[in-house]
Amino acid sequence: MSGDLRKQLEAHAGLALIYEEAWAEIERAETTAGLEEARVKHLGRKSQLSSLLRSIPELPAAERPVVGKFGNQVRTVLEAALAERKKVLEAAELERRLSRESVDITLPGQPFPRGHLHLITQTLWQIEDFFSGLGYRIAEGPEVETDYYNFTALNTPEGHPARSLHDTFFVEGKPEVLLRTHTSPVQIRVMEKEDPPVYVIIPGRVYRRDSDATHTPMFHQVEGLAVDEHITMGDLKGTLEAFAKSMFGAEREIRLRPHYFPFTEPSVEVDVSCMICSGAGCRSCKYSGWLEILGAGMVDPNVFGFVGYEPDEVQGFAFGMGVERIAMLRHGMTDLRMFYDNDLRFIKQF
Amino acid sequence: MKVPLTWLTEYVDVKLTAAELAERMALTGTEVERISHAGLPATGGNLDRFIVGKVASRDRHPNADKLSLCQVDTGAGTEQIVCGAANFQAGDKVAVCLPGGLLPGRDEPLSAAVIRGVESRGMMCSEAELGLSTEAEGIMILPEDAPVGGRLADYIPLSDEVLELEVTPNRPDCLSIYGVAREVAAITGRKLKPPPAGEADPRGDDRIDEIISVGVADSDLCPRYGARLIAGVKVAPSPPWLKARIVAAGMRPVNNVVDITNYVMWTLGEPMHAFDLARISGRQLMVRRAVKDEEIITIDGTVRRLSAGMLLIADAEKPVAVAGIMGGETSEVSAGTTDILLEAANFQGRSVLETSMALGLRSESSTRFEKGLDQELVPQALAMASRLMVEIAGGRLVPGQIDIQQRPFLPEAVPLRTDRVEALLGIAVPVAEIEAILTRLGFEVEEKEDGLLVLVPSFRADVEREVDLIEEIARVFGLELVPPTLPSGMRVLGGLTSGQAVRRAAVRALAERGLSEIISYSFIMPDFADRLRLDPGDERRQVVALANPLSVEQSVMRTMMLPSLLGTLAANLSLQNQDINIFEQGRIYLPVPGEKLCDERRVIAGCLSGSLKGHSWLAGGGEADFFAGKGIVEALFASVAGSFSVERAEETFLHPGKSAAVIAGGRRAGYVGEVHPLVLEAYDIDIPVVAFEIAEAELIASSAGIIVFADLITYPASFQDLAIVVEEDLPAAEIVKVVREAGAPLLQTVRVFDVYAGGSIGDGKKSVALNLEFRSADRTLTDEDVASVRAAIIDALKDKLNAALRE
């Protein structure tokens, strides 16, 4: 407060009294509600100060300017003090409220449960995404299939010894109908319908009559087929190498081992360098440093004959992989049967 | 196929260890399943502790009547050995295990011991102890030519690394030691030694064709049949070396005659059979197809009833062998046999395979024949076996032989365009290298102007075409040399079809809502139809049944997904898993009358039995009731920007009042509803379950595809609430329909936000509260605009539904 104001206040005892009292009450207020009471009392329409200011016209002419000037100064100062005090009190009150609202942050949050896609689906999608990125389409075909598509057209005629390697489920009453033992019959169906070039993968369920620790009567395969003018074995190798790196890590390598399948020539089995021991040799890879992941080869010219392609004009490769095996290797699983027990404790892990 | 290494090296002088050889074989196309060890353990110098000894003296043990005290010459000196056997005398050569020697199957090596007060430094071994036989009386007496002091394993192949090969069905030539030797020579570049040769000299004035007549009636199934006669054999146990070979190959020694036929089979790959000539009725054999219900007792003692068309070998009275599979008991070689007829033949692979499968009888013989064997093996095998019969079983080879052949072997000539090798493999192989590889594999190669002409040997019937030759070149040349590339100049587009994308979106939506995906077997138990209370005429009772299921639980292809889901749910309940909310995407299989194949329809189906909101110390909720199920179906359609309506479902397996048929695009797409209590009971489920099944094709068809933009921003919407009182059983959908019609075109959406009955509403009535959204695409609506539409809506509700406005 300026000395000038104080002098003037002393000169007008009424104003001084009003000022002192109001100031003290503003300073004393401990809550915003108490402060509001003080405001109404000292600055409200019915306050002494307001009455005084209203009564100025009735004052002697000499006093009027002085009271008017200093009365309003008092009002301004009090209002400022009030605002200042209000800020302080509000801050304190907010502080108290927030402190009251404190919770036990160690309690768990509100659940928003999510479900889980089966590990086979997740693996399938990953395989599909890899190959669709390379320009492959995804084809499908029947699971209840004829002998012709499952064997004969795949260069495995009746009486072929390779047939006995597949333990086949047959359909009652229809000796030529069976549950497909691999996804390969869809190769034939695709090529029958479409002219080359053909780049497809074929995911799906397949069935073999075998059930033990390492076999389930139903499992999943992904078949791949690329038929074009100049496809080479090198293209097969490069494609599968890129696939292996995508699924198992950039540092993986593959190797091709010659093998035999009736519908490819040459045929190979494909190993990936062991992701557990990085090729040093461990129990999982039987100390060889390599894990078999799929079978493949160059499409046999006889197969092209079955679908009406000209074997001297096109070449192609095909491959087939077990999805369960890929998933087990990726996730370190040891028991195949868990995929089909459908125990939610298993499914919800992934 | 077990390949003992010392047997293999008789024919190819390979310098690699078993592991190195296995690696090389694996990389050239012969899978080695494992490397095992047969016979005496070879590590730690063990083989040095087994030697040929000579019994210098044999006396009675001073303290035991049944024991002998022997001095045995071990070459390096004399050892005192106490022995319990009685079948030997001084001068015999015996197999001695010195202290420290470890016998097969033992944990501890032999140590010097004091037996009844006398020191014994070693053991004279029996055949059983050395693993050559399962039972043996007394110790093994070695032939005179055994070198005293020499290592026993150098004299008898008692210890071997064994490569266990998985031979692919196209390579029956590798089902023999000699065939594997040829392969190993080709892939290692080592020299292949000549095949086992050497004939026995025939003796005597008689001739085989004077003694027995052999005919082939069905030469289509038997392209070649050969036989020889060995007279005067003495059936006895085989010599130790032969037993050791038979054991190392994984077979069981029987007697010299049988062991020789098995030894020849293993060496050359040609299965053989020995008949007791005296027991061949009428001195005649005929190879012919069986007539229906002919019977034979095979040497395993089983009566086999044959079907018409199976190939057999018969004497004058009866079948004596199932061709290429197993001989008959009546003409089997026995201890008293003196004259044997040795058979080596070539039977058609397919016929042997089919008969073997039909009889459920597989043998070392049938597994070879079924793959198609080399006809040229017939004379080779007969020559080798005859020589061994004479040498080992003391017989006389009767002059002459039977060899009935449909037509002589002529090698196929396959042209090879050398530029095709690079075109297919993506790597150039020099022509000289091509010729060298093919020659090592037994092919003959001639250079022609336009490439090579390759003659295929008899033992490689699997090679018929240029591409087969390229495979041979590739695998020996080395696939590791092929550079990895990607197809060049691809002219196609990849990616998911819109249907496949919709499927993914749908299952993702379910997972995001808290449902977990299961994958169950497509085949189920046939009683599902009864458990689901399906009507007798329900077409879902018509199933594709398996002819040869593994069990009745997996014997019919499912026609609906619910049985799989309920089965999985029950299994998880018994595992005490909580909140079992599951779905499956997969196919159902519906038979189509008159069609070979069935209608395979993809569906997405699920069931809920627990909270979708989880459990928490916070307030819970989320019962698995009809509306939870319907909400999931709504989420499913929303995920593909599709829509559906409902009608009352009439499914016997659902709660009649809490189930709905899902209609999309005017077609039935599936159902949603609470599962009928009796069905739950049939699946041992004691909590409420709501289920749904939606046909994927309908879901995809309902998808709006690419969503077209609508301006919801420029002109704001106006919202109003409306509460009406109607009859309690009036479906909400009818109210919404009336409101929509009356409110068009400004009314954009109608949302039911409250349903209430009781209290002041009045009996048989309910209050339904609606939230209405009005919007115009070209202006901001005024209060008057909305008020007039609202009035029209209220009028329509009064007129059509007798609804009262609730103030």
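Hi everyone, let's start with two helices: α6, residues 240-248 of chain B, packs against α7, residues 256-268 of chain B, at an angle of about 55 degrees, and their axes lie 10 Å apart. That angle makes α6(B) oblique to α7(B). As for handedness, the crossing of α6(B) and α7(B) is left-handed. Please keep in mind that this is a predicted model.

Which residues make the contact? On the α6(B) side you will find Trp241(B), Leu242(B), Arg245(B) and Ile246(B). Facing them from α7(B) are Asp259(B), Ile260(B), Asn262(B) and Tyr263(B).

Three strands of chain B make up an open sheet, and their order is β24-β26-β25, with antiparallel pairing. Which strands stand at the edges? They are β24(B), residues 413-416, and β25(B), residues 444-448. Each has a single partner strand, so one side of each is left without a neighbour in the sheet. From one strand to the next, the twist averages 25 degrees.

Let's zoom in on one pairing here. How many bridges join β25(B) to β26(B)? There are five, and the two strands run antiparallel, with β26(B) covering residues 451-455.

Notes: Residues are numbered from 1 along each chain as its sequence is written. Chains are lettered from A and ligands numbered from 1 in the order in which they are written. This is a predicted model: local features need pLDDT of at least 70, side-chain atom pairs count only at pLDDT 80 or more; totals for chains, interfaces and linings use all residues. Side-chain values use heavy atoms; hydrogens and water are left out. Two strands pair if DSSP finds at least two bridges between them. Helices (H or I, at least four residues) and strands (E, at least two) are DSSP runs, numbered from the N terminus. Axes are lines fitted to C-alpha atoms, for helices over the stretch in contact, and angles run from 0 to 180 degrees between N-to-C directions. Angles under 35 degrees count as roughly parallel, over 145 as roughly antiparallel, 65 to 115 as roughly perpendicular and the rest as oblique. A crossing is left-handed if the near helix is turned anticlockwise from the far one by less than a right angle, and right-handed if clockwise. Contact means heavy atoms within 4.5 Å.
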